[in-house]
Amino acid sequence: MFPPSVGAFRSRTRSSAILTGDPDTRTPTRFLLWLLRDQSRILAINAGVGLLWFLPGTVGPFFMGKAIDRGILQHDMGATLTWAALLFAAITVGVFAGIGMHTAAVSGWLVALYKTMLLVARKVAQMGHVLPRRTPTGEILSVASSDSDTFGALTEVVARAVAAACAFLVVAAIVVSASPLLGLVTLVAAPLLVGAASPLLRPLQRAQAVERTRSSELTGRATDIVAGLRILRGIGGERTFGDNYAAQSRRTREAGVRAGVWQAGVDAVGTLLSGLLLVVLTWLGTREMLAGRLSLGQLVSFFGYAVFMVWPIQTIFELAQKWIQALVAAGKTLAVLGQQPPWSSVEHPEPLPADAEIVDEASGFRARPGELTVIVSAVPDESAAIADRLGRYLATAVEPMSSDVGDELSGRAARRVRQERARRRAERARADEALAARPWGVTIGGIDVSRFDLSELRSRVLVSDTSSLVFAGTLQRLLDPHGRRTRAQAEQAIRVANAEDVYDALPGGWQGVLDERGRGLSGGQRQRLVLARAVLSDPEVLVLVEPTSAVDAHTEVRIAERLAAHRRGRTTIVTTVSPLVLHHADTVVLIRDGVAVARGRHHDLLASNDDYRAVVARGMDPVPPPGHRLDATSRRPDGDDEPVPLDEPLLVAPYGPVPMADRVRDDHWEVSE
């Protein structure tokens with residue numbers, strides 16, 4: 001039952017039918033019904049226990065009335081004690097049932113909450129780099145956090161409402177058997193009370209939609225600010241972005257206040273109408289007793305039922321409110337889960353040849369098998385675009401769909417805005433599908449990569465760029481998330497990436513815990529861990545985009561030397577303009593205006609090609625010798641590219657390789673079974 005098992009979105013390709021375990025993403029209502037059906041067992045248990053929880057209010061007044069009529073008024077102590085014992089038993093059952101219901105409710109809540117989180121995580125993994133093209137990051141985070149909690153609240157109230165409805169019907173039957181008039185009033189009044197509050201539900205839904213949209217935008221802005229905080233500080237932009245965040249926060253708060261007003265209105269109507277029902281039932285019961293059609297015990301019972309009926313009726317009101325909230329959340333959730341990857345399954349995939357030449361037709365770039373080929377371009381986006389094509393990735397430099405346009409509109413205007421937004425998202429999805437389906441323009445062994453199975457291509461051709469993330473967890477899990485490598489292989493990868501200092505800095509070694517996004521590490525340390533992870537994957541073709549852009553010159557020398565030695569004999573493609581890496585390349589390809597214009601060895605091109613010399617000359621600062629004292633204009637060895645204060649001199653120590661085995665402390669390498 002918990003944690004929930006989620007097997008949705010396993011395929012990387014599009015599917016025309018809903019697969020087993022996949023949510024129904026056709027409409028928000030269908031999604032909520034799927035979510036409830038998926039928890040039908042938990043809901044049934046919760047509703048059954050909830051019915052016992054309502055037992056004191058359902059039969060308690062009846063037992064009380066019988067105790068008065070047949071015991072107290074008749075001066076029969078035995079009958080009084082019998083009905084009192086039954087009342088005590090009902091209360092006892094209700095107490096223990098309340099404990100069980102609370103346990104079941106929390107279980108269902110958590111299952112719905114974490115199931116939604118897992119669905120979002122699997123969808124992100126399935127869509128990969130395509131999802132940010134269509135959905136803002138803040139929207140995805142809001143679905144995984146606030147919307148998932150809303151679905152958990154819905155599952156809890158649904159089970160409770162089912163139990164409340166059953167208790168209501170039982171009470172109505174008891175009341176009808178005693179007084180048809182009061183029973184009829186009870187049965188008719190409840191639907192009327194719920195219907196009386198329905199005019200407030202639509203503006204409540206609209207207000208909650210505005211609040212939810214602004215909240216997701218606020219989350220997105222916070223994410224962007226945190227991700228770019230280092231850059232913002234460098235350009236003095238903290239105040240500007242902070243003011244923008246504060247303004248959006250105020251707008252979100254205002255939307256929350258408006259939604260709260262409507263929510264309070266619905267609650268007030270529910271309380272008022274429930275109280276009116278209590279007054280009406282008490283008044284009618286008193287009249288019936290005075291007319292001789294009800295006994296004193298029955299009047300007491302009716303008064304107890306009138307008080308109890310407020311409870312199930314308010315539960316029904318709560319269900320209506322939670323359903324409205326869940327519909328809003330489901331609409332936002334489907335904007336994420338409803339996305340389909342653009343890749344189509346190849347009907348008859350070609351076998352991916354090993355040790356074959358790679359050709360990018362658009363640029364004319366060629367990489368011979370078993371060589372270290374470096375792409376050089378004055379415009380980094382040009383070389384990065386080639387790397388994307390080699391890995392069969394769509395361009396990511398696309399503005400995502402807006403989530404806040406038209407959030408103040410209502411009625412037809414709001415529907416038109418939503419329809420226009422859905423149309424634009426569908427157009428982008430169709431454009432992505434058309435782009436992914438056509439020949440890719442990159443061949444391996446003379447075969448276009450669109451003819452290969454995508455999962456096989458991605459497993460054998462690995463593209464690692466500067467946007468790769470460092471996730472929270474142990475160092476071992478970061479480097480080897482699938483548990484496929486040995487400790488010796490991990491030690492070698494750490495050494496190739498010159499990341500021994502990160503290992504040394506973690507108290508637990510391999511089991512040392514890293515924060516999310518590698519907080520606490522420098523930019524150079526994070527980049528080297530990403531490089532170590534790519535090296536440890538050991539693909540047939542490794543494509544690295546600017547792997548040493550955030551490290552100092554001494555570290556770059558060691559990485560270039562070790563990487564070339566480690567990957568010798570296997571195809572490796574690197575995009576960089578650093579002479580320290582170019583020095584170890586078998587072949588260098590110069591790209592200008594997206595086209596390969598020169599090819600050769602680094603020193604030959606440096607001597608014969610003015611364009612090449614102009615591009616790489618910027619990175620040809622001399623490397624300080626061991627023992628050199630860095631001044632205030634030098635870069636830190638940790639790779640942060642920050643000036644070293646004059647009162648903080650750093651000494652460049654001579655490099656001497658230290659075996660990883662000599663660095664081991666009390667940590668251990670967990671071996672997967």
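Reply: Start with Thr 150. Thr 150 sits in helix H5, residues 137-178. Keep in mind that this is a predicted model. Which residues does Thr 150 contact, leaving aside its neighbours within four places in sequence? They are Gln 325, Ala 326 and Ala 329. Take Ala 329. Along the chain, Thr 150 and Ala 329 are 179 residues apart.

Next, a helix pair. Two packed helices are described by the angle between their axes and by the distance between those axes. Helix H2 (residues 40-53) packs with helix H4 (residues 77-127) at about 155 degrees. Their axes are 8 Å apart. The angle is over 145 degrees, so H2 runs roughly antiparallel to H4. The crossing of H2 and H4 is left-handed. On the H2 side, the contact uses Ile 42, Asn 46, Val 49, Gly 50, Leu 52 and Trp 53. On the H4 side, the residues include Val 93, Gly 94, Ala 97, Gly 98, Gly 100 and Met 101. Further along H4, Ala 104, Ala 105, Ser 107, Gly 108 and Val 111 also take part. By class, the H2 contact with H4 has 10 nonpolar residues, 7 polar ones and no charged ones.

Now the sheet. It is open, has 4 strands and runs in the order S2-S1-S4-S5, with antiparallel pairing. Strand S2 (365-367) and strand S5 (447-448) are the edges. Each has a single partner strand, so one side of each has no neighbour in the sheet. Strand S1 (residues 358-360) pairs with S2 over 3 bridges, in the antiparallel sense.

Last, two loop residues. Most residues other than glycine have a negative phi. Asp 355 has a positive phi of about 50 degrees, though it is not a glycine. Asp 355 lies in the loop between helix H10 (296-337) and S1. Is Asp 355 buried or exposed? Asp 355 is exposed, with a relative accessible area of 64%. Glu 546 also has a positive phi, near 45 degrees, and is not a glycine. Glu 546 is in the loop between strand S9 (541-545) and helix H18 (553-566).

Key. Residues numbered from 1 in each chain as written. Predicted model: local features only at pLDDT ≥ 70, side-chain atom pairs only at ≥ 80, totals over all residues. Heavy atoms only, no water. Axes fitted to C-alpha atoms, helices over the stretch in contact; angles between N-to-C directions. Parallel < 35°, antiparallel > 145°, perpendicular 65-115°, else oblique. Left-handed = near helix turned anticlockwise from the far one by under 90°. Contact = heavy atoms within 4.5 Å. Nonpolar A, V, L, I, M, F, W, Y, C, P; charged D, E, K, R; others polar. Pairing = 2+ DSSP bridges. Buried < 20%, exposed > 50% of the residue type's maximum accessible area, 1.4 Å probe, protein only.
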